[in-house]
Amino acid sequence: MVIIYTSPGCASCRKAKQWLKDNHIEFVEMNIFSSVLKESEIKYLLSRCENGTEDIISVRSKAFHSLKKGIDDYSTKELVTLIQKNPSILKRPILLSENSLVVGYDDDEITTMTPVAMRKSAEETAYPGTITDIPSSREDSSQPSLQFHSF
């Protein structure tokens, strides 16, 4: 299950939702403007950021530029309150699953939202075996022979 944080009129949000639908991935959409994000939700999102708050905070947004101090000058509690009052400072979409956090829409990165079981099934369908180098028994040993092995 994926939670996708969106906003109305966001083209990247529409692309991400369509990708999830096309790939038969269940999701719950959370419009960041129609309901206030809970403190625990925001803290969890922040805890999943690998590179700090700028993973999910849009430092180029008008809301961010109107701030009186830099993003690193806010305590966690202040940052939570800031996001609750100004959700437009969040980058969008934010896709959250048990194993992945993806911010924005990127054709390659969004594939991390594919559940492991679906990924394995797709790989087995596309690649039902592997090709392994086997030492050649031919006289021309400069060209290794390849043999296909099924699992």
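Modeller: Glu39, Ile42, Lys43 and Leu46 in helix H2 meet Thr76, Lys77, Leu79, Val80, Ile83 and Gln84 in helix H4, where contact means heavy atoms within 4.5 Å. By class, this contact of H2 with H4 has 5 nonpolar, 2 polar and 3 charged residues, with Ala, Val, Leu, Ile, Met, Phe, Trp, Tyr, Cys and Pro counted as nonpolar, Asp, Glu, Lys and Arg as charged, and the others, Gly among them, as polar. Please keep in mind that this is a predicted model, in which local features need pLDDT of at least 70 and side-chain atom pairs count only at pLDDT 80 or more, while totals for chains, interfaces and linings use all residues. Residues are numbered from 1 along each chain as its sequence is written, and side-chain values use heavy atoms, with hydrogens and water left out.

Colleague: How are H2 and H4 packed, at what angle and with their axes how far apart?

Modeller: Two packed helices are described by the angle between their axes and the distance between the axes. Here H2 (residues 39-48) and H4 (residues 76-85) pack at an angle of about 115°, with their axes 10 Å apart; the axes are lines fitted to C-alpha atoms, for helices over the stretch in contact, and angles run from 0 to 180 degrees between N-to-C directions. That makes H2 roughly perpendicular to H4, on a scale where angles under 35 degrees count as roughly parallel, over 145 as roughly antiparallel, 65 to 115 as roughly perpendicular and the rest as oblique. H2 passes H4 in a right-handed crossing, a term used if the near helix is turned clockwise from the far one by less than a right angle, with anticlockwise being left-handed.

Colleague: How many helices and strands does the protein chain have?

Modeller: Helices (H or I, at least four residues) and strands (E, at least two) are DSSP runs numbered from the N terminus. The protein chain has 5 helices and 6 strands, and along the sequence they follow the pattern β-α-β-α-α-α-β-β-α-β-β. Of the contacts in the chain with a separation of 6 or more, 55% are accounted for by residues 24 or more positions apart.

Colleague: Is serine 7 buried or exposed?

Modeller: Buried means under 20% relative accessible area and exposed over 50%, with partly exposed in between (1.4 Å probe, protein chains only). Of the 151 residues of the protein chain, 33% count as buried. Serine 7, in the loop between strand S1 (2-6) and helix H1 (11-22), counts as buried because its relative accessibility is 9%.

Colleague: With which side chain does the side chain of serine 7 make a polar contact?

Modeller: A polar contact is a pair of N or O atoms within 3.5 Å; within protein, one must be able to donate a hydrogen and the other to accept it, and residues adjacent in sequence count only if both atoms are side-chain atoms. The partner of serine 7 is the side chain of arginine 92, at 2.8 Å. Leaving aside neighbours within four places in sequence, serine 7 is in contact with Cys13, Asn31, Ile32, Phe33 and Arg92.

Colleague: What is the peptide bond from arginine 92 to proline 93?

Modeller: That bond is cis, with omega near -10°, and proline 93 is found in the loop between H4 and strand S3 (94-96).

Colleague: Where is isoleucine 32 found, and which residues is isoleucine 32 in contact with?

Modeller: Isoleucine 32 is found in the loop between strand S2 and H2, and counts as buried because its relative accessibility is 3%. Beyond its neighbours within four places in sequence, isoleucine 32 is in contact with Tyr5, Thr6, Ser7, Leu37, Pro87, Leu90 and Arg92. The C-alpha atoms of isoleucine 32 and isoleucine 4, 28 residues apart along the chain, are separated by 9.8 Å.

Colleague: Is histidine 24 buried or exposed?

Modeller: Histidine 24, in the loop between H1 and S2 (27-31), counts as exposed because its relative accessibility is 68%. Its phi is near 55°, a positive value in a residue other than glycine.

Colleague: Which residues does threonine 53 touch?

Modeller: Threonine 53 lies in the loop between H2 and helix H3 (62-65) and, not counting residues up to four places away in sequence, touches Leu46, Ile71, Asp72 and Leu79.
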